[in-house]
Structure formats: C-alpha cells, structure tokens
Amino acid sequence: MISHGRITQSVTRFVWANGVLMVQGEFKQVFPTVMMERTLDDVLPLNDRLREIVLDRERTTEGLKASNVGGWHSSADLLDWAEPEIKVLESAIMAAGRDITATMLPPGIDGDIEVKVYGGCWANVIRDGGYNKIHNHPGAVWSGCYYVCMGEPEPQPDFNGWIEFQDPRPGNIHGGKERINPEPGLLLMWPGWLNHFVNPFKGSGRQNFYRV
Ligand SMILES: [Fe+2]
C-alpha cells in the first residue's frame, strides 16, 4: 500500500502464465476464457481465390441450413475440397488449434500436441440482411472462423455484421459482450461451448468466411 497525501494506492504484482494474466498472492483467475485472434499471413494472399472457390460452390451445390438466416452455408466437408488453397487454409487452422490448446496446458508438460477436426468445416456467405443466430458447437473443444471478404457494410446499424460473444456465466448481472469487427485474413478461435452470433449485415458485396 502506497500513500500519496490523501490518495492511497494499492499495488499488486501480476504475471502472465500460459498466456493468461495471473495475479500473484491470494488472487487467481478461476475460469478464464481463452480466445485467439490471429492474422493468417500465409492464407491472406489467397483470399480472392478462396472467395471464387466458395462462390463457385454456391452456384453448383445446395448447401445446408444451420445457424445462418439468409445467405448460404456450404456442406461441412470444406477441408475435403480439392483446391490447393484449401490445403493451405487447413494447415493454418490446425496450427492455430495446436497453439490455442497449448495455452491451456499446465506448465512443465513437454511433447507434441495433435488436434483433429470434429464436426467439419464449412463456408458461410452472408448478404444484405443476413445473420447467424446465437449458438455454440457442442462436442467441439475449439471453434473458429476465418474471414475471407467483409463486403461493404453500411455505417449503421452499430456492430453491422460483427461477430459477438456472450459472457458464459449464468445469471451474471455484470456480464459483458465481446464484439469483434473482423477483417479479411483474421482467424478467430474460441472454446466450442461459448455462445456467439453474427449481427445482421447491412450493406453490399458479400461477407464470406470459413468456419470450423
Ligand atoms: Fe458458430
């Protein structure tokens, strides 16, 4: 405790452990929620081609109905598509899965991390008025989303086309929201149980992203 005249300042040391902020002494983070925001530098230059691949599929296949309202949702076999750009994306997704898993391991563990795709991977195209209903991904340890093209959103409404995550704690009156305005090349990854949705997109062009 440090006193400056009438102002009393309390100083607490803190450290980062496994990528998570920990407060030393009698305080700790009990249930932190880890989220990854990573620009995929190897995939970003391929986005124009990825966009073509997705829109070609949309023209030639029916797709699925899932959390999307409007727009188009591909089948969940995206990682089996034959185009070489898909393989580059797959490699980057798997590396991200290993890295976010590493943040949850206790210190002192050595070895390699192996991750597998569960539940598939698909492309999602959102057009004017489209959105994704709130949902999570039961059974998946991690879920993620890679952004190919953001279209041309109008200035209003607020959070136009943004992805939004809800504080998972039940009955939490102080619960916050995590809203992210994605850019092309961004990969987000989060725990599969975490509720999320996409705010309605108002604009032209196409929001176009891949999900796992
Ligand atoms: Fe999702």
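Reader: In this predicted model, where does F159 lie?
Author: F159 is not glycine, yet its phi is positive, near 60 degrees. Most residues other than glycine have a negative phi. As for its place in the chain, F159 sits in the loop between strand 10 and strand 11.

Reader: Is F159 buried, partly exposed or exposed?
Author: Count the C-beta neighbours of F159 inside 10 Å: there are 16. Burial needs 20 or more, and exposure needs 12 or fewer. F159 therefore counts as partly exposed.

Reader: Which peptide bond is cis?
Author: Look at P157, in the loop between strand 10 and strand 11. Most peptide bonds are trans. Here omega is near 0 degrees, and the cis bond runs from Q156 to P157.

Reader: Which residue of strand 14 stands opposite F165?
Author: Strand 11 covers residues 163–166 and strand 14 covers residues 196–198. The two run antiparallel, joined by 3 bridges. Opposite F165 stands H196.

Reader: Which strands stand at the edges of the open sheet of 5 strands?
Author: The order is 6-9-14-11-12, with antiparallel pairing. An edge strand has a single partner, so one side is left without a neighbour in the sheet.

Methods: Residues numbered from 1 in each chain as written. Predicted model: local features only at pLDDT ≥ 70, side-chain atom pairs only at ≥ 80, totals over all residues. Pairing = 2+ DSSP bridges. Helix = DSSP H or I, 4+ residues; strand = E, 2+ residues; numbered from the N terminus.
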